[in-house]
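Here is a short briefing on one protein model. Look at the strands and the charged side chains.

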Amino acid sequence: MYNNSEFPRLSTDRLLLRQMTQDDADELYSFYAEGSPIIKYLDWHGPSSTEQARELIIAWNQQFQENRLLPWGITQLTDNKLIGTIMCMPVRGTFDYNPLSPVSIGFELTDTHWNKGFMSEALEAVIRFGFERIGVHRIQAEVLPQNKSSLKLLEKFGFKQEGLLKQYLMHDVTKVFLDVIMLALLEV
């Protein structure tokens, strides 16, 4: 079973999912650069500087140490450059709780890597890790209704829409309440 003594590295045919370091801060910041299409599907605008990206990586790694978050950076096997992130976290508590509460998953990929199957590979690896190594029973995701690509991707892996949560999240910058679609995948 899973324990957080060492960050779990996952690999696929083309990708390595690994722990992010301070060396990734420039790439992480660039995901959210002004005009990035990624931010229209998020409830925040991302870090506003490389320094904020460094602080975010530090915070994510601290949450990993506390067993509350698995924050993978996505890179291609041929290049160590960060092209996305995929994270999972227990809805309540830590990964130590027994029985484990549902685990939420979230992901983002730079737009230059969209529609190439990269997120499918990453998501498949994380789902398998969740069920086989962590022992989760339920993986869930909250997706903005206009994010058709993420909805389609999750449904491809068997996630079922459970409903629309009205004004469920407040956007960190605009302070507008956002609706989300709740999807879930149950261990069978």
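The model is predicted. Strand β5 spans residues 103-109, and six of its seven residues are buried, so the strand is largely enclosed by the rest of the structure. Seven salt bridges are counted.

**Strand β5 and its partners**
- Strand β4 (residues 79-90) pairs with β5 in the antiparallel sense, over seven bridges.
- In β5, Val 103 has Pro 90 standing opposite.
- Strand β6 (residues 138-143) pairs with β5 in the parallel sense, over two bridges.
- Gln 140 in β6 stands opposite Ser 104.

**Salt bridge Glu 66 to Arg 68**
- The closest N and O atoms of Glu 66 and Arg 68 are 2.5 Å apart.
- Glu 66 is partly exposed at 34% relative accessible area, and Arg 68 is partly exposed at 35%.

**Salt bridge Arg 138 to Glu 162**
- Arg 138 and Glu 162 form a salt bridge, with an N to O distance of 2.6 Å.
- This pair links distant parts of the chain: Arg 138 sits in β6 and Glu 162 in strand β7 (residues 160-170), 24 residues apart.
- Arg 138 is buried at 18% relative accessible area, whereas Glu 162 is partly exposed at 46%.

**Salt bridge Asp 179 to Lys 166**
- Asp 179 and Lys 166 meet at 3.3 Å, N to O.
- Asp 179 lies in strand β8 (residues 177-186) and Lys 166 in β7, so the pair ties together parts 13 residues apart in sequence.
- Asp 179 is partly exposed at 23% relative accessibility; Lys 166 is exposed at 58%.

Conventions. Residues are numbered from 1 along each chain as its sequence is written. This is a predicted model: local features need pLDDT of at least 70, side-chain atom pairs count only at pLDDT 80 or more; totals for chains, interfaces and linings use all residues. Side-chain values use heavy atoms; hydrogens and water are left out. Buried means under 20% relative accessible area, exposed over 50%, partly exposed in between (1.4 Å probe, protein chains only). Helices (H or I, at least four residues) and strands (E, at least two) are DSSP runs, numbered from the N terminus. Two strands pair if DSSP finds at least two bridges between them. A salt bridge is a side-chain nitrogen of Lys or Arg within 4 Å of a carboxyl oxygen of Asp or Glu.
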